[in-house]
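This briefing is for a reader new to the structure shown below.

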Amino acid sequence: MRFGFFLGASLEKITRTLPLILLLRQPDFSVSCSNKQAYCDRDKGSEENCWKTHSQVAEYSTAGEMAAPKGLLLYYNEYSFYSQKVVLALHEKKLPFETHDIDLNGEQYKPWFLQINPRGEVPVLQDSGKIIPDSARIIDYLEDNFSNGHSPRLIPMDQGGEVRQKITYFRGIIDKINGNVLTIGSLLHPELATGSKKVPFIGPVRKQLVNADKDSAKNLRKYAEDNPGAREMLLEKAENQEKKHEKMLNKEEFVAILKEADKLFDEVEAQLAQHADKTNWWLCTDEFTVADVSLTILLVRVNQIGMEPYFWTNGKRPHVEQYFMRVQERDSYKKTIPTAFSLVKTVFKTQMPLIIGVSIAVAIALIVGGWFIVKKIIHK
């Protein structure tokens, strides 16, 4: 009986099951998808907390040292809602960049990273002597400093002030919808998310994400004790996290958030309908803009958590649905959004010792099981 699974299971079944087992043992997936957007308080005077010189951060890294990078370096997590906005913008602007993947199971609260971003959040962009946190600020920085013949603008300057105002308006109202809040709410109230769930929000991960959100405040308090210099900030985050979790547990509160998102999608649908006859038209113009960056990543997250039937499928908002189908064909989209294969590859990469151990265990089980079968045949 002990070897029954391996003897009775097909190779296909084992192949399908192993990545799932490994995924459940991979802790960074429990929080990476619900990462909160970094921010800088624009009302507290200078941008001291938003910009640091390279000399202030160069001595810190996971290994205790950091060579001065040449070009753009993005600290991010590929499943982070706000990181994906920056990655999409970088690809749209055709900018070369390097990445440092932050394990959101605690690496963001290591002393070296808190020196880079005192709030312990991704994304953060490093450009030679400057450190820029917050996805919106990063995209603005890229637009202000890297817009020329080789790098397309995401806010076109040659189409008049009215178009720029429209782009700014839609970007603003889209960015008010917090994709991470939608994610956690959909996990806590699954009856509202009736669509198919996409990677990484598959069944086992969903349960792990709920537990991670519930334990987040407790973990933040532990990190506060381990990082005296960031203690006040981390305790504040812990308190805010508790309030947010309690709010999300209330279904009425979450439905109110969905109604706000509904209003947004009404405006987006109406805007797209104005140019339904133009096959090359995006949200505000025939060029892909910052408003499209924000809209695309929001649509991706809604689709991944299974809430697209609530917002646009089955003829509810046909222009939004068509837009989402079109945007998935862009090269920038394909380079930004991780696929199921990417997830499995990440799991195998991060769990290689476990994989080797499981592989050996499977091989031994098959050999031992085979030996028992041979003995049975011999004794017949």
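**Starting point and overview**

Lysine 130 is found in strand β4, residues 130-133; helices (H or I, at least four residues) and strands (E, at least two) are DSSP runs, numbered from the N terminus. This is a predicted model, in which local features need pLDDT of at least 70 and side-chain atom pairs count only at pLDDT 80 or more, while totals for chains, interfaces and linings use all residues. Residues are numbered from 1 along each chain as its sequence is written, and side-chain values use heavy atoms, with hydrogens and water left out.

**The protein as a whole**

- The secondary structure comes to 18 helices and 4 strands.
- Of the 380 residues in the protein, 48% are buried; buried means under 20% relative accessible area, exposed over 50%, and partly exposed in between (1.4 Å probe, protein chains only).
- The accessible surface is about 19300 Å², and carbon and sulfur atoms hold 55% of that surface; accessible areas come from the Shrake-Rupley method with a 1.4 Å probe, and for residues only the protein chains shown count as cover.
- Among contacts between residues at least 6 apart in sequence, 75% join residues at least 24 apart; a contact means heavy atoms within 4.5 Å.

**Lysine 130**

- Lysine 130 counts as partly exposed because its relative accessible area is 38%.
- Between lysine 130 and leucine 72 there are 10.0 Å in space, C-alpha to C-alpha, and the two are 58 residues apart in sequence.

- Helix α7 (residues 135-145) is mostly covered, with 8 of its 11 residues buried.
- Ser135, Arg137, Tyr141 and Glu143 are among the buried residues of α7.
- The buried residues of α7 pack against several elements, including β1 (72-76), α5 (81-92), β4 and α8 (161-175).
- At the start of α7, the backbone nitrogen of alanine 136 has a side-chain oxygen of aspartate 134 within 3.3 Å.
- The 15 residues of α8 should span 21 Å at 1.5 Å a residue, and this agrees with its end C-alpha atoms, which are 21 Å apart; the expected span of a helix is 1.5 Å times one less than its number of residues.
- In α8 the buried residues include Val163, Ile167, Phe170 and Arg171, and their cover includes α7, α12 (251-273) and α13.

**Charged side chains**

- The whole structure holds 17 salt bridges; a salt bridge is a side-chain nitrogen of Lys or Arg within 4 Å of a carboxyl oxygen of Asp or Glu.
- One of them joins aspartate 140 and arginine 171, whose closest N and O atoms are 2.8 Å apart. This pair links distant parts of the chain, since aspartate 140 is in helix α7 and arginine 171 is in helix α8, 31 residues apart.
- Aspartate 140 is partly exposed because its relative accessibility is 27%, whereas arginine 171 is buried because its value is 13%.
- Arginine 171 also meets aspartate 175 in a salt bridge (3.8 Å, N to O); both lie in helix α8, 4 residues apart, about one turn of the helix.
- Aspartate 262 and arginine 317 form a salt bridge, with their closest N and O atoms 2.9 Å apart. Aspartate 262 is in helix α12, and arginine 317 is in the loop between α14 (308-311) and α15 (318-327), 55 residues apart.
- Aspartate 262 is buried at 17% relative accessible area, and arginine 317 is buried at 5%.
- Salt bridges with shared partners join Lys85, Asp140, Arg171 and Asp175 into one network.
- Aspartate 213, in helix α10 (residues 203-226), is buried yet has no salt bridge, and the nearest side chain of opposite charge, lysine 244, is 4.3 Å away. Lys and Arg count as positive and Asp and Glu as negative; His and the chain ends are not counted.

**Backbone features**

- Most residues other than glycine have a negative phi, and most peptide bonds are trans.
- Valine 122 and proline 123 are joined by a cis peptide bond, with omega about 10 degrees; proline 123 lies in the loop between α6 (111-116) and β3.
- The peptide bond from valine 199 to proline 200 is also cis, with omega near 10 degrees, and proline 200 is in the loop between α9 (179-188) and α10.
- Lysine 94 is not a glycine but has a positive phi near 60 degrees; lysine 94 is exposed, at 59% relative accessibility.
- Serine 128, in the loop between β3 and β4, has a positive phi of about 50 degrees although it is not a glycine.

Methods:
Polar contact = N/O pair within 3.5 Å; in protein donor to acceptor, adjacent residues only side chain to side chain.
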